[in-house]
Structures are given as structure tokens and as C-alpha cells.
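Welcome! Please open the structure in your viewer and keep the selection tool at hand, and we will walk through it stop by stop.

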Amino acid sequence: MLEYRYDTQLLMEGQGLDEDQINAYIQANIPGDCLLAVGDEQLIKIHFHTNVPWKVLEYCAGLGEIFDIVVEDMDRQERGLQG
């Protein structure tokens with residue numbers, strides 16, 4: 001069984017986005033692993049494994065517009081089911 005079940009991915013668009021600050025906040029406040037927060041001041045790509053994907057979505061939505069949201073259940077995928 002996986003420690004963190006949901007592969008959470010999204011794009012976030014806004015003004016003055018800081019990938020280092022976003023990365024630090026998620027690491028400090030949302031349990032998970034495999035965090036990737038890359039981009040520039042207007043567009044950030046987030047990839048994160050967590051059991052609470054709604055917390056990632058809520059945080060990012062507070063910083064800008066979120067889109068191309070994907071939350072996949074890696075436990076189901078591991079069992080050969082659609083994630």
C-alpha cells in the first residue's frame with residue numbers, strides 16, 4: 001500500500017507567483033512527497049503525492065487561477081484499475 005495515495009497535478013496562473021515560497025508552504029503544511037513546483041511569476045506547475053489533494057487545490061486556488069487539474073488514485077492504478 002502506498003503512503004500517499006493521490007497524484008495531484010495542476011497548473012496555476014497568477015501574478016507574482018513564487019515557486020520557492022509555494023514549495024516551502026506545501027512541504028511545511030500538507031503531508032505528502034514527490035513535490036514539484038516549477039514555473040515563473042505567472043505560471044506554476046504543481047505535482048504532489050498526498051492523501052489530502054483538496055488542501056493543495058484550496059491553497060493554490062488562493063494564489064491564482066487553477067486549471068488542468070488531475071487527481072489520480074495511485075492505489076487503484078497499482079491494482080490495475082482506472083485511477
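## First stop: a residue in a strand

Select Cys 34, which counts as partly exposed because its relative accessibility is 46%. A word before we go on: this is a predicted model. Cys 34 sits in strand 2, which covers residues 32-39. Now look at its backbone: Cys 34 is not a glycine, yet its phi is positive, at about 60 degrees. Most residues other than glycine have a negative phi.

Next, select Asp 68. Where is Asp 68 found? Its place is strand 4, made of residues 65-73. Asp 68 also has a positive phi, near 50 degrees, and is a residue other than glycine. Is Asp 68 buried or exposed? With 53% relative accessibility, Asp 68 counts as exposed, because the cut-off for that word is over 50%.

## Zoom out: the whole chain

Now show the entire protein as a cartoon. Follow the chain from the N terminus, and the elements come in the order β-α-β-β-α-β-α. The radius of gyration is 13 Å, close to the 12 Å that the globule rule gives for 83 residues, so the protein is as compact as a globular protein of that length. Along the principal axes, the C-alpha atoms fill a box of roughly 40 × 25 × 20 Å.

Of the 83 residues, 34% count as buried. If you colour by charge, look for 5 positive and 16 negative side chains; the centres of these two sets lie 14 Å apart. Contacts tell you about the fold as well: among those between residues at least 6 apart in sequence, 65% join residues at least 24 apart.

## Two rings to find

Hide the surface and show the aromatic side chains. How many aromatic pairs does the structure hold? There is one aromatic pair. Select Tyr 25 and Tyr 59: their ring centres are 4.0 Å apart and their planes are at 10 degrees, so the pair is stacked. This pair links distant parts of the chain, with Tyr 25 in helix 1 (residues 19-29) and Tyr 59 in helix 2 (residues 53-61), 34 residues apart. Tyr 25 counts as partly exposed, at 35% relative accessibility, whereas Tyr 59 is buried, with a relative accessible area of 16%.

## A buried leucine in a loop

Move to Leu 17, in the loop between strand 1 (6-13) and helix 1. Leu 17 counts as buried, at 7% relative accessibility. Show what surrounds it: leaving out residues up to four places away in sequence, Leu 17 touches several residues, among them Met 12, Ile 22, Leu 43, Ile 44 and Leu 63. Draw a distance from Leu 17 to Ile 44, and their C-alpha atoms come out 7.5 Å apart, although 27 residues separate them along the chain.

Finally, select Arg 5, in the segment before strand 1. Arg 5 is partly exposed, with a relative accessible area of 28%. Which residues is Arg 5 in contact with, leaving aside neighbours within four places in sequence? They include Thr 50, Asn 51, Glu 72, Asp 73, Asp 75 and Arg 79. One more distance to draw: the C-alpha atoms of Arg 5 and His 49 are separated by 6.7 Å, and the two residues are 44 residues apart along the chain.

Notes
Residues numbered from 1 in each chain as written. Predicted model: local features only at pLDDT ≥ 70, side-chain atom pairs only at ≥ 80, totals over all residues. Heavy atoms only, no water. Phe/Tyr/Trp six-rings, centres within 6.5 Å; stacked < 30°, edge-to-face > 60°. Helix = DSSP H or I, 4+ residues; strand = E, 2+ residues; numbered from the N terminus. Buried < 20%, exposed > 50% of the residue type's maximum accessible area, 1.4 Å probe, protein only. Rg over C-alpha atoms; globule rule 2.2 N^0.38 Å. Contact = heavy atoms within 4.5 Å. Lys, Arg positive; Asp, Glu negative; His and termini not counted. Charge placed at Lys NZ, Arg CZ, Asp CG, Glu CD.
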